[in-house]
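Keep the picture open beside you as you read.

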Amino acid sequence: MFRFLRPFLSKPKQDRLAQAMERLDTSAETFRRAAEACGPPHSQLFWQLAGATADLRTRIEADPTQITPLRKLIFFFIPKMSELCTRWTGLAAMNPLTAPDPRALDDFQSYLSLIRAAEQSCLSQQYDGLHASMAAMEQQMARHGS
């Protein structure tokens, strides 16, 4: 009915590189907030996740062709991982007298391994191992109901 107004009311679309950079920046900041909200050893791992995300962002910014093979990681996995870390810190803060579950630390360590593998894939231009790791991560997230 008012289609003629759509160009005036809609936001301009970002290109894929800008979207990827924004998604990675937001995720790195979410990891940083999670690190500030808890204590060691989880905070150290969350800081490492933020750093790994920033490193991956730098690699992708230097070579935007990397977005295509890493699309699912950039636009789904890393934002979901940062969200899960934030949720975990909120739940841990609600019950500070209970020791953190060591399995959570293992899960977060696997997040770091996946992001580091993506960075290595950018360097080597080999994505088969990364895609297998992403499939395993997808099964893990499905099992946990994320």
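Start at serine 121, which touches Gln66, Gln126, Tyr127 and Leu130, leaving aside residues up to four places away in sequence. Here, contact means heavy atoms within 4.5 Å. You'll find serine 121 in helix α5, which covers residues 102-124. Helices (H or I, at least four residues) and strands (E, at least two) are DSSP runs, numbered from the N terminus.

Before going further, a word on where this comes from: it is a predicted model, so local features need pLDDT of at least 70 and side-chain atom pairs count only at pLDDT 80 or more, while totals for chains, interfaces and linings use all residues. Residues are numbered from 1 along each chain as its sequence is written, and side-chain values use heavy atoms, with hydrogens and water left out.

**The overall build**

The chain has six helices and zero strands, so reading from the N terminus gives α-α-α-α-α-α. Out of its 146 residues, 36% count as buried. Buried means under 20% relative accessible area, exposed means over 50%, and partly exposed is in between (1.4 Å probe, protein chains only). Look at contacts between residues at least 6 apart in sequence: 75% of them join residues at least 24 apart.

| Residue | Relative accessible area | Class |
|---|---|---|
| Cysteine 85 | 0% | buried |
| Serine 121 | 5% | buried |
| Cysteine 122 | 7% | buried |
| Alanine 54 | 24% | partly exposed |

Alanine 54 sits in helix α3. Between alanine 54 and aspartate 25 there are 7.1 Å in space, C-alpha to C-alpha, although the two are 29 residues apart in sequence.

**The nonpolar core**

In soluble globular proteins, nonpolar side chains tend to be buried together. A nonpolar core is a set of buried Ala, Val, Leu, Ile, Met, Phe, Trp, Tyr and Cys residues joined through side-chain atoms within 4.5 Å. The largest one here has 37 residues, and those touching the most other members are Phe46, Leu56, Ile60, Leu70, Leu73 and Met81. At least two residues of this core come from each of α2 (16-36), α3 (42-62), α4, α5 and α6. Which residues does leucine 56 touch, not counting those up to four places away in sequence? Its partners are Leu24, Leu70, Leu73, Ile78, Ile115, Ala118, Glu119 and Cys122.

**Cysteines and a cis bond**

How many disulfides does a search of the whole structure find? Zero, with a disulfide being a pair of cysteine sulfur atoms within 2.5 Å. For cysteine 85, the nearest cysteine sulfur belongs to cysteine 38, 8.7 Å away.

Another spot to look at is the cis peptide bond joining proline 40 and proline 41, where omega is about 5°. Proline 41 is in the loop between α2 and α3.

**The largest pocket**

Finally, the largest pocket holds about 690 Å³ of space. Of its 31 lining residues, Trp88, Asp101, Ala104, Asp107 and Phe108 are the closest to its centre. On a 1 Å grid over the protein atoms alone, a pocket is an open set of points where a 1.4 Å probe fits, with protein on both sides within 12 Å along at least five of seven lines; lining residues have an atom within 4 Å of a point. Helix α4 gives the largest share of the lining, seven residues.

Methods. Points joined across faces, edges and corners; volume = space filled by probe spheres on them.
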